[in-house]
Amino acid sequence: MSESMSMAAALNPPKTPFKINLTPVLPPPPTSSALTFKPNNNFPTLCAAAQPQQQEHAALLDTLLNSTRKNQVLHSIRTTSPFNCLSETNLHHTVPALTSKTRGKVRDIYDSGEYLVLVTTDRQSAFDRVLASIPFKGQVLNQTSLWWFERTQHITANAVVSTPDPNVTIAKKCSVFPVEFVARGFVTGSTDTSLWTVYNKGIRNYCGNALPDGLVKNQKLAKNILTPTTKAADHDVPVTPDEIIERGLMTRADYEEVSRKALSLFEYGQRVASEHGLILVDTKYEFGKAEDGSIMLIDEVHTPDSSRYWIANSYLERFQNGLEPENVDKEFLRLWFKNHCNPYEDEVLPEAPEDLVCELSWRYIFLYETITKSKFEVLSSEEPIHERISRNVASALASLK
């Protein structure tokens, strides 16, 4: 991809904007009443959840901050053997069927010929670099994605073939679109491409979305928007729909279809999160095209790595008092690094404090348990994780022949 485009060009729309119909595919209605947000002038108002769901949601913050379950999980995190934190994999040396390895920020991707083997590691990525390794993170991300993949097939097909290990997904091969679809419902964020960062700089048209004056940080948007990005060297670059089409990154038809799917996935995710006392603030999606021309959802879905989640019950009061929302994602770790270094430019970063690493691991597990309503299984550390993954992947690939 050409790197000659300036940031200014990325943030400003062309004179004749590309217009598409982004009416989302309607997901099934929620099965129970939930906490929702509706705009009222420039500020959100709450629609109360039905009892006893409201009481359950009110207790959510207590579970996150101080609970027996948190203490149990933190004990497991702190007693996990160091070799069982998965920072790196080399399955191409241990599984004969795997021929090559591609190392992403978080996932190691292996080619088995007919399929791809995606191993989700414990690497923590932000600011276009790895910050730390978070115990159990890879397992949380992989199992959270699987839960959402299974429940969003009414909106779009996905690439999942099987999950032979808690950290592994075997996927169909496809042609990946070189565009990430970032869906946003609030004006927030701390990275260079986040909506609040660019809005606070005075930009009022971002990725083809016209934004009104007078918005404040963490405010709900009048409607969900997409802010697509594409890669330039090692960082994300915002792009408009016109630029995506003009550069040949996607056809007009593919962009329209993927945009509708992305907005539908986001709307569905927000509704499910709301039923569980959470706000899905923003997220990113990646898509690919199969050999038969069908479009598939790939990579991950609504994980705490790809998404921002807030506690719904405390959002309004904190927003009205100018306080940051209670978050269940990696934002607090991002903010720690921004306060202690320049994470974009410093060659060497400070080591993340152990307490923050353990807290982030717990929050990822908390989110998994809150969304799925199932208990996260802390696997035994008796077998080194790399050996376990190698054994399970070899067996799964043999069964697929």
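This is a predicted model: local features need pLDDT of at least 70, side-chain atom pairs count only at pLDDT 80 or more; totals for chains, interfaces and linings use all residues.
1. Let's start with the helix pair. Two packed helices are described by the angle between their axes and the distance between the axes. For helix H6 (residues 137-151) and helix H12 (residues 354-372), the angle is about 20° and the axes lie 9 Å apart. Angles under 35 degrees count as roughly parallel, so H6 is roughly parallel to H12. The crossing of H6 and H12 is left-handed.

2. Which residues of H6 and H12 make the contact? From H6 come Lys 137, Val 140, Leu 141, Gln 143, Thr 144, Trp 147 and Trp 148, while H12 supplies Tyr 364, Ile 365, Tyr 368, Ile 371 and Thr 372. Sorted by class, the contact of H6 with H12 has 8 nonpolar, 3 polar and 1 charged residues.

3. Next, have a look at Glu 331, which sits in helix H11 (residues 331-340). Glu 331 counts as buried because its relative accessibility is 8%, and the cut-off for buried is under 20%. Its side chain makes a polar contact with the side chain of Arg 308 at 2.9 Å. Leaving aside residues up to four places away in sequence, Glu 331 touches Gly 189, Ser 190 and Arg 308.

4. Finally, the backbone. Most residues other than glycine have a negative phi. Cys 207 has a positive phi, near 55°, and lies in the loop between strand S13 (205-206) and strand S14 (209-210). With 2% relative accessibility, Cys 207 counts as buried.

5. Lys 373 also has a positive phi, near 60°. You will find Lys 373 in the loop between H12 and helix H13 (385-399).

Note on methods. Residues are numbered from 1 along each chain as its sequence is written. Side-chain values use heavy atoms; hydrogens and water are left out. Axes are lines fitted to C-alpha atoms, for helices over the stretch in contact, and angles run from 0 to 180 degrees between N-to-C directions. Helices (H or I, at least four residues) and strands (E, at least two) are DSSP runs, numbered from the N terminus. Angles under 35 degrees count as roughly parallel, over 145 as roughly antiparallel, 65 to 115 as roughly perpendicular and the rest as oblique. A crossing is left-handed if the near helix is turned anticlockwise from the far one by less than a right angle, and right-handed if clockwise. Contact means heavy atoms within 4.5 Å. Ala, Val, Leu, Ile, Met, Phe, Trp, Tyr, Cys and Pro count as nonpolar, Asp, Glu, Lys and Arg as charged, and the others, Gly among them, as polar. Buried means under 20% relative accessible area, exposed over 50%, partly exposed in between (1.4 Å probe, protein chains only). A polar contact is a pair of N or O atoms within 3.5 Å; within protein, one must be able to donate a hydrogen and the other to accept it, and residues adjacent in sequence count only if both atoms are side-chain atoms.
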